[in-house]
Amino acid sequence: MSSELIIKFLVAAVLAGTPFLFGTVGEILSEKVGHLNLGVEGMMAIGACAGFMAGYVTDSFVIAILAAAAAGTLAALIYGVLTVTFMANQNVTGLTMTIFGTGLSNFVGVYMLERSEGGTLKLPERVTAQMRNIDIPGLSDIPVLGELLFSYNPFVYLGLVIAVLAGIYLYKTQTGLNVQAIGENPAAADAAGIEVTKWRYINILLSGAICGIGGAYCSMIINSGVWLRDSVGGLGWISVALVIFASWKPINVIYGSFVFGALRVLKYYVPKNTYAIPTAFFDALPFLITALVLVIASMRKSKRSHIPAHLGVNYFREER
Amino acid sequence: MTEQYAIECRQITKAFGSVVANDKINLTVRYGEIMALLGENGSGKTTLMNMLSGIYHPDSGSILIGGKEVSINSPVDSKNLGIGMIHQHFKLVDVFSAMDNIILGSHGRRLNRKSLREKIEELGHSFGLEIEPEKKIYDMSVSEKQTVEILKVLYRGAQILILDEPTAVLTPQETEKLFAILRRMKEQGCAIIIITHKLHEVLAISDRVTILRKGKSIDTVVTGECDEKKLTELMVGRPISLNIDRPRMENRETILKVVDLTVEKSDKTIALDDISFDIRTGEILGVAGVAGSGQKELCETLTGLMVAKKGAILYHKENIVGKSPAEIIRLGISMSFVPEDRLGMGLVASMGMVDNMLLKSYSEAKGPFVERGPARELAEKLIDKLGIVTPGVDMPVRLMSGGNVQKVLLGREIESSPQVLITAYPVRGLDINSSYTIYELLNEQKKKGVAVVYIGEDLDVLLELSDRIMVLCHGQVMGIEDADRLTKEQVGLMMTGARAEEVLGAGDDRVQKSDECMDAPGCVSDEGEEEKA
């Protein structure tokens, strides 16, 4: 492979990994307060739809992002009310959210398509212009590095900033310590005067907002501004699994998501005709590796494991 | 002028549905005083304390803190009023360090680690508490965890301290240490409420005792004017004998012989380290040890639930290690196991008594259908015989009280006429009355010639009930002795790692064996072997 091709591959990996950056950081925030949210795929789908449609209607990229975040938050609110307040089973609620979210997103998509001119939905020129790669004078012109580090669309940088902020929030602040205690031992947190319910909601809603933006990336960037159904297409699921790969640390998500991004685009960069590997294999690769990561992670048992001890368990104060 | 109390509860009432847990309870505690709260299970102690710590809210009545009427609606309110509660089950985050647990729940900027560490060490020092602030909770012993809990409330400046059964899991030495700390806190003006079932501890530590019975405050007495007998009478409502029988049986024979047994936990750490002992018919073998010293693994290996890495369990020269529970039953060894986790491992919580009876006997049925008839009869027989209180044999067992659940479990196991009966903490969480019923049941089995293994935590009971005591520490046998040769303090020392021969001192003819043994951590006393001779 020529060096030019390698740079192209790396850039493509970053772009392909960005949905995971959002989805996984979002899921970590939720899991840290003890809520396993299997609805990431659904929240992303809803965000994908809301972001795209808002951009399509309003001509504004910023409004699109805000709409995606708001829609994700709303979806998370449904999950939160059901699991935190009504203490519904988290797995069932999350799965339902995924089915509902994908369905709703496609439904709205079809509705809008039927009303569009020419039977396609395409983002207006103004929006695509705003989400084009940011050109940083000076930095972006550096050979190789400029292309590798400073030539992405605003989503990528936003994702990185969110990951770093989430890492600081969880691991460097007193609030983060309190929040982590909720996922580890809600009874202890409660006894320590931490408002368990409040912080569960805050984290779940934040998680929804971040996932929503990740969804908007899928519908707006991946398909070059054209609406296609199922634009999230399973990326939310990989995000959930990536949480384990990142051992619940948002900073680790940064490289984790790019590794999985690389797996997604690998098929375009493997020299043709060298090996007779069907492309279907490459399509399946991220999922295969995900399964592998899960197996390895569950084999490695230790007291120091990073999984929140009360993940998936609702908390009822008066339960004895 | 009325005296100003740290805590004053007036006519507190709290009902859960139709059950009145607290009925017009009055309670006062002064600053610089240790008040013991005494009562059987279900007498409302924990409910009352939960109202002070903000978990529940009273239906009626008022609480005064420092003379002012307050309303405590959440743990935050309670904390702000300077009340600190140390729960029976520690409320600590395992993966955090001691320090992080102590500052948990505070707001604002996270303090610089160095100055925080110094602050905590200084605070600990002023109350005589030793602590390693950076140590993770999962690396700590029970007593260390308790120290963290105490520091946690002190760090918040609590003036009122509530301890719910703090000594249940401590060795006698650790208990003494805790009491010294409590006395020191009392001198510094703290008001302390301590809940405990152990009467001698009440007498040792408290200034006054308030007794609750069936949700009512019965009496408050000055400790100095009391003895164990009077306290029991007040608590139970009638005089009862506090002696546990220990009938001596003749013809005791070894039925199971454990030889060099080594067991690993799933994470490959050693749970039992090369232990040897024997289990004899007509005898109760008491097993003492700090929680997590290998008791659970011992039970599960004996019953075939866990597989030993090395060593043998011999039943008439046949090794049963590696055999499944079903194979062990087929060999004709009838073993009964009353596990520590009653509603997890022993019974199915959501099933009624009848179905739980079937769990033991389903394989005897012919044909594909369940025969509930005999099980129903058995359930009804147990209700009669053991005085189990339940509205019906089909009511899910999880809705029954702890004592009744234990009677169901023990009753079922005993009905299968076992040769070996293994019980882990059978009286945990039970009140005095229920506990004594259980002791009697075990003694009855012993008289029938059953070999009983009793894993317990209350050393007084262990010493009175058992014929022999085996002490475990970190999966090793520290010694096996006749119970009447041991004192509680000696067992306590052995639980923390001293060997029987050190504890019993020179002059004992068994001492010589193992001077070299003391230096080699993997080396185990041969005490057990000698006993068998």
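Which residues does B:Glu33 touch, not counting residues up to four places away in sequence? The views below start with that residue and then move on to other parts of this predicted model.

Figure 1. Let's begin with the reply to our opening question. Leaving out residues up to four places away in sequence, B:Glu33 touches B:Thr28, B:Lys186, B:Cys190, B:Ala191, B:Ile192, B:Asp207 and B:Arg208. With a relative accessibility of 5%, B:Glu33 counts as buried, because buried means under 20%. Look also for the place where the side chain of B:Glu33 reaches the backbone nitrogen of B:Arg30, at 3.0 Å.

**Figure 2. A:Thr290 within helix 13 of chain A.** Helix 13 of chain A takes in residues 279-299, and A:Thr290 is found in it. Is A:Thr290 buried or exposed? A:Thr290 counts as buried, at 9% relative accessibility. Its side chain reaches the backbone oxygen of A:Pro286 at 2.5 Å. Once neighbours within four places in sequence are set aside, A:Thr290 is in contact with A:Ile238, A:Ala241 and A:Phe260.

**Figure 3. A:Trp248 in a loop of chain A.** This view shows the stretch between helix 11 (235-245) and helix 12 (250-269) of chain A, where A:Trp248 has its place. A:Trp248 is not a glycine, although its phi is positive, at about 60 degrees. The relative accessibility of A:Trp248 is 6%, so A:Trp248 counts as buried.

**Figure 4. B:His474 in a loop of chain B.** Where does B:His474 lie? Find strand 19 (468-473) and strand 20 (476-482) of chain B, and B:His474 is in the loop between them. B:His474 is a residue other than glycine with a positive phi, near 50 degrees. A:Trp248 in the previous view counts as buried, whereas B:His474 is exposed, with a relative accessible area of 67%.

**Figure 5. Helix 1 of chain B and the glycine just after it.** Helix 1 of chain B is made of residues 45-52. Seven of its eight residues are buried, so helix 1 is largely enclosed by the rest of the structure. To trace the buried residues yourself, look for B:Lys45, B:Thr47, B:Leu48, B:Met49, B:Asn50, B:Met51 and B:Leu52. Just after this helix comes B:Gly54, with a positive phi of about 85 degrees.

**Figure 6. Helix 9 of chain B, a mostly covered helix.** How many of the eight residues of helix 9 of chain B are buried? In this helix, residues 295-302, the count is seven. The buried residues are B:Gln295, B:Glu297, B:Leu298, B:Cys299, B:Glu300, B:Thr301 and B:Leu302. After helix 9 of chain B comes B:Gly304, which has a positive phi near 85 degrees.

**Figure 7. The place where chain A meets chain B.** Now we turn to the contact between the two chains. On the chain A side, 22 residues are in contact with 29 residues of chain B. About 2,300 Å² of area is buried between chain A and chain B, and carbon and sulfur atoms give 56% of that area. The number of salt bridges between chain A and chain B is zero, while six residue pairs are in polar contact across this interface. Three helices of chain A, namely helix 7 (154-172), helix 8 (174-184) and helix 9 (186-191), each supply at least two residues of the side that touches chain B. Helix 8 of chain A gives the most, with six residues. Sorted by class, this side of chain A has eight nonpolar, six polar and eight charged residues.

**Figure 8. Chain A and its helices.** To finish, we step back to take in a whole chain. Chain A has 13 helices and zero strands. Its radius of gyration is 20 Å, close to the 20 Å that the globule rule gives for 320 residues, so chain A is as compact as a globular protein of that length. The C-alpha trace of chain A spans about 60 × 45 × 40 Å along its principal axes. Of the 320 residues in chain A, 53% count as buried. Among contacts in chain A between residues at least 6 apart in sequence, 77% join residues at least 24 apart.

How values were computed
Residues numbered from 1 in each chain as written. Chains lettered and ligands numbered in written order. Predicted model: local features only at pLDDT ≥ 70, side-chain atom pairs only at ≥ 80, totals over all residues. Heavy atoms only, no water. Contact = heavy atoms within 4.5 Å. Buried area = accessible area lost by both parts, 1.4 Å probe. Salt bridge = Lys/Arg side-chain N within 4 Å of Asp/Glu carboxyl O. Polar contact = N/O pair within 3.5 Å; in protein donor to acceptor, adjacent residues only side chain to side chain. Helix = DSSP H or I, 4+ residues; strand = E, 2+ residues; numbered from the N terminus. Nonpolar A, V, L, I, M, F, W, Y, C, P; charged D, E, K, R; others polar. Rg over C-alpha atoms; globule rule 2.2 N^0.38 Å. Buried < 20%, exposed > 50% of the residue type's maximum accessible area, 1.4 Å probe, protein only.
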